[in-house]
Amino acid sequence: MMAEIMIAAGEANEAGRVIAKGISAASKHADLAPYLPPLYSLQASLTTSTTNIASSSTLKFAKSTLKRAIESTSPHTLPQWVYHLHFQLSSLCASSRDFAGALSALKNVEIFAEVRGDENVLWTTRVMVARLAVGEGEFKVAKGALSKVAAWMGFDMSDPTVEDGKAKKAKQGEQLGAVQVLETPIKVLSRQLVIQFLLIFCLFQAREGNVKLAKEKLKMAHQLLDEKEIEEGEGEGWTKLKIRPAEPTNRGKSSAPSSSGSISYPTSSPYCPPPPTPLSVTVLLAPKTMVYDFAFLVSVAVHRDPFGSKPRSTLFANEGLRTLDAKLAGTEALPPLAPQLVRPHLLSLCEMSLHLSLFSAELAIMRSSFPVARQHLNSALSLARTHGLWNTSKPGAVGFKSRLTLDEGLLAQAQAQTTLAEQCFLAVLRIKGEPTSQETPEDVTSLALISLLTLRLTMGIPVRELSPIVASIISKTNHPSASPSLVLIAELAQALTKGEITKSKSHLSEALKRANATLANHAKAVILALLANLFLFTRNDQAQKMLAASYNIAKGMGSRGDGKPPEVEQVKGIVGDESVGNARLGLWVGERLLESFRRNEPAKVKKQEALNTAHRRVVEKEQSAS
């Protein structure tokens, strides 16, 4: 109690000395041993709450303190403290990107909860394992945890449209509403934890290429988010898990020390949940407002499609950025947080804003809206440098250097700035080897490689000199957790560099299957155009169908602003005026279509010539603007 009062009064140093004396006394006297867990927990919490962002040495000391606490537990230790110490250790390990340590702590909780029969602790822990694994890119672990929780909730990991029965069940679930379908999980886990699971599930499924399934579960998550009723702790970002009473003990009163009274000291640290009570343990999650912001980011990732006059992806991104900008500017209130939690919370908002800005820039590049892309990239760069997120080696920090550099290269390549684009792609590949930067994600590296490959092909570099790049791309797919997107990139790289038409067709056909499965319209348009080019002089009818499909997608990938397409030209004198979308792709496909029409359908030649003229005019404007 004395240490708690000192902490509340701001006397951290004196409180530390008092806690150390308490630990020393409790370690020497068996009757005081039950007080070791709360004392160790308090010491670890105090260590990490004395600064806004804990250093690596501080986190290391706090983790070793908690490990000693866990080693000091016995069969007589109250279960709520066993849970609390492991949850606290997991949070500390996760904050320092120690995946193995965090996973080990959660697995120990899972085993303990299963033995004791604490169902809500068990399933909460499995959701936390899934969240941790997806965040760290450990997709094999994530799949196992997600499969268990999904099966318990009543849905599996496969696409619901594969079988009629599953499709019917999915449709029935949509009609009933998420609250009714997930009634049992919500009772066990709490609504906020179910929402977080659904969002994580959606991210995983989108990454695996099951976009339809991800969209279905995303609707359920949004339904739950729109519920007006607020659960206890939802606004602050914690949930209370009920546990079975402890078994009777012969040690007397000393074996059951009270929890921390009315002083909630651990909430001053971003790495420690509030103290437990005899019949419950409290777990830190995230405030509802942050989960709502995160839902925008997940929605953009799931609906990452540039096709349409107003793509849902851009709508979600714009609304998410508007909300986050208001919070970062101080015009919208933050959730109730302890003082030491404010800075980590703001940094998390900055990271989400950065992700949304980069998503928006990438969508704008695909839609040929280069001024909008430049605006988003400038905003992202400014935010990353201001808040130390450009390139950092701090524990738990996220570096955006590689993705920002990649997007700069993609924009330069789209604007035919060949030298700058090549420099950016090479820089991304060098970043991965820098000791001070976070590991560059495989998808970022693969995108840099395929972009460099296509760029050098356009520069006239012989294919034989590009074989190391192709080999590097293929190597990314030589593991079980390789995503469909990585496989698509590898197939495309091989198709572009094979010297035989038959092999190129085979690789492009496989890439097209991946693009269809993942609803990647931007990739589908390019692949169809390349396939059609191979069929143009042998199967003109098939080539025309492919070119027409590619051309329609290209038209739908035009930027829109204020209700009008700023760099979209209207082709006059043609019934049903047609607009230019992605001008460069549309022009390339249009020229192939024109060749085909001249051989077999001369009636369509005049219209296609006019369309190509409009595309060429837009391309010239883009070149002059850049």
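## A tour of ring pairs and a helix contact

Five aromatic pairs are counted in this structure, which is a predicted model. A pair of aromatic rings is described by the distance of the centres and the angle of the planes.

**Stop 1: helix 12.** Select phenylalanine 197 and phenylalanine 201. The ring centres of phenylalanine 197 and phenylalanine 201 are 5.8 Å apart and the planes stand at 35°, so this pair is tilted. Why are the two separated by about one helical turn? Phenylalanine 197 and phenylalanine 201 are four residues apart in helix 12 (residues 191-208). Is phenylalanine 197 buried or exposed? Phenylalanine 197 has a relative accessible area of 0% and is buried. Phenylalanine 201 is also buried, with a relative accessible area of 0%.

**Stop 2: helix 14.** Now select tyrosine 292 and phenylalanine 296. Their ring centres lie 5.7 Å apart with the planes at 80°, so the pair is edge-to-face. Both residues belong to helix 14 (residues 288-302), where four residues, about one turn of the helix, separate tyrosine 292 from phenylalanine 296. Phenylalanine 296 has a relative accessible area of 10% and is buried.

**Stop 3: charges over rings.** Select arginine 403 together with phenylalanine 359. The charged end of arginine 403 sits over the ring of phenylalanine 359, 4.7 Å from the ring centre. Then select arginine 592 and tryptophan 588. Here the charged end of arginine 592 sits over the ring of tryptophan 588, with 4.7 Å to its centre.

**Stop 4: helices 7 and 8.** Two packed helices are described by the angle between their axes and the distance between the axes. Select helix 7 (residues 119-136) and helix 8 (residues 139-153), whose axes come within 8 Å and cross at roughly 145°. The crossing of helix 7 and helix 8 is left-handed. To see the contact, show side chains: in helix 7 the residues that meet helix 8 include Glu119, Trp123, Arg126 and Val127. On the helix 8 side, Phe139, Leu146, Lys148 and Trp152 are among the residues in this contact. By class, the contact of helix 7 with helix 8 has 13 nonpolar, no polar and three charged residues.

**Stop 5: aspartate 325.** Finally, select aspartate 325, which is in helix 15 (residues 312-329). Is aspartate 325 buried or partly exposed? With a relative accessible area of 42%, aspartate 325 is partly exposed.

Notes. Residues are numbered from 1 along each chain as its sequence is written. This is a predicted model: local features need pLDDT of at least 70, side-chain atom pairs count only at pLDDT 80 or more; totals for chains, interfaces and linings use all residues. Side-chain values use heavy atoms; hydrogens and water are left out. Rings of Phe, Tyr and Trp (its six-membered ring) pair if their centres lie within 6.5 Å; planes under 30 degrees apart count as stacked, over 60 as edge-to-face and the rest as tilted. Buried means under 20% relative accessible area, exposed over 50%, partly exposed in between (1.4 Å probe, protein chains only). A charge sits over a ring if NZ of Lys or CZ of Arg is within 6 Å of the ring centre and within 35 degrees of the ring normal. Axes are lines fitted to C-alpha atoms, for helices over the stretch in contact, and angles run from 0 to 180 degrees between N-to-C directions. A crossing is left-handed if the near helix is turned anticlockwise from the far one by less than a right angle, and right-handed if clockwise. Contact means heavy atoms within 4.5 Å. Ala, Val, Leu, Ile, Met, Phe, Trp, Tyr, Cys and Pro count as nonpolar, Asp, Glu, Lys and Arg as charged, and the others, Gly among them, as polar.
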